[in-house]
Amino acid sequence: MRICVYCSSSAAVPPQYIEAAEELGRLLGQRGHALVYGGSNVGLMGVLARAAKASGAEVLGIIPRMMVEHGVAYTAADRLVVTETMAERKELMEREAEAFVALPGGFGTLEEIAQAITQKQLRYLQGPIAFVNVASFYDALASFFEQLYRERFAHAVYRETYHLAPTPAAALDYVERYVEPAAPLKWVGREVSSADGTSVRG
């Protein structure tokens with residue numbers, strides 16, 4: 001399976017996050033998956049890619065030209081695609097992948113995984129979406145999502161569009177066993193029917 005992984009380009013993070021990136025990369029190769037990621041050789045991204053490559057995973061890096069010019073491209077990738085913009089990079093990553101996993105990361109990671117969730121709500125994407133919630137990193141984000149449901153900015157049925165896993169192995173277990181759920185089409189201000197026939201709002 002081609003698994004897109006979003007994660008931090010920072011190396012100045014606690015060691016448990018670096019270890020999680022290395023473990024996920026190693027497991028991708030051991031379980032016969034391919035890595036699609038942002039193409040960098042620094043931070044968690046570099047750790048992930050090197051571990052995946054060393055374990056036999058095919059590595060596809062997709063990176064904006066500006067970052068290549070700053071010397072942070074992972075040139076050992078099996079394929080390295082250079083884009084002109086960040087938007088083009090995200091589009092290609094989504095197009096190439098069959099599943100989406102977020103390791104701990106900053107604003108860029110949050111933007112990428114939020115876009116994947118939104119694209120899935122709108123049915124532009126299919127496939128599993130998982131957060132690697134190592135050291136409870138994503139607990140606060142999950143709490144914010146619950147606020148969205150409570151205050152009806154999003155319908156609770158969309159909990160099924162993503163999964164929080166405590167470890168890289170658990171995230172891959174979820175991805176590998178995933179069955180696409182029946183969920184209503186998100187459409188602001190319109191009533192749609194859920195799988196059981198009840199009317200909900202997007």
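Biologist: Which residues does Leu35 touch, not counting residues up to four places away in sequence?

Modeller: This is a predicted model, in which local features need pLDDT of at least 70 and side-chain atom pairs count only at pLDDT 80 or more, whereas totals for chains, interfaces and linings use all residues. Residues are numbered from 1 along each chain as its sequence is written, and side-chain values use heavy atoms, with hydrogens and water left out. Contact means heavy atoms within 4.5 Å. On that criterion, and with those sequence neighbours set aside, Leu35 touches Ile3, Val5, Leu28, Leu48, Ala49, Ala52, Glu58, Val59 and Leu60.

Biologist: Which members of the largest nonpolar core touch the most other members?

Modeller: A nonpolar core is a set of buried Ala, Val, Leu, Ile, Met, Phe, Trp, Tyr and Cys residues joined through side-chain atoms within 4.5 Å; buried means under 20% relative accessible area, exposed over 50% and partly exposed in between (1.4 Å probe, protein chains only). The largest core holds 33 residues. Among the elements that give two or more residues to this core are strand 1 (2–6), helix 1 (15–30), strand 2 (34–37) and helix 2 (43–54), where helices (H or I, at least four residues) and strands (E, at least two) are DSSP runs numbered from the N terminus. The members that touch the most others are Val5, Leu35, Leu48 and Leu103.

Biologist: Which residues of strand 2 point the other way from Ala34 and Val36?

Modeller: Side chains of strand 2 point in two directions, and those on both sides are buried. Ala34 and Val36 take one way, and the other is taken by Leu35 and Tyr37.

Biologist: What is the handedness of the crossover from strand 1 through helix 1 to strand 2?

Modeller: Strands pair if DSSP finds at least two bridges between them; strands 1 and 2 run parallel and are joined by three bridges, and Arg2 stands opposite Ala34. A crossover is right-handed if, with the strands pointing away from the viewer, the path from the first strand over the helix to the second runs clockwise. The chain's β-α-β crossover from strand 1 through helix 1 to strand 2 is right-handed.

Biologist: Which residue in strand 3 is the bridge partner of Val36?

Modeller: Strand 2 runs parallel to strand 3 (residues 59–64), with three bridges between them. Together with helix 2, these strands make a right-handed β-α-β unit. In strand 3, Val36 has as its bridge partner Leu60.

Biologist: Why does Glu98 count as partly exposed?

Modeller: Glu98 and Arg2 meet through their side chains in a salt bridge (3.7 Å, N to O), that is, a side-chain nitrogen of Lys or Arg within 4 Å of a carboxyl oxygen of Asp or Glu. The pair links distant parts of the chain, 96 residues apart, with Glu98 in the loop between helix 4 (86–96) and strand 5 and Arg2 in strand 1. Arg2 counts as partly exposed because its relative accessibility is 37%. Glu98 counts as partly exposed because its relative accessibility is 35%.

Biologist: How far apart are the closest N and O atoms of Lys53 and Asp78?

Modeller: Lys53 forms a salt bridge with Asp78. Lys53 lies in helix 2 and Asp78 in the loop between helix 3 (65–69) and strand 4 (79–83), 25 residues apart. Lys53 is partly exposed, with a relative accessible area of 32%. The closest N and O atoms of the pair are separated by 2.8 Å.
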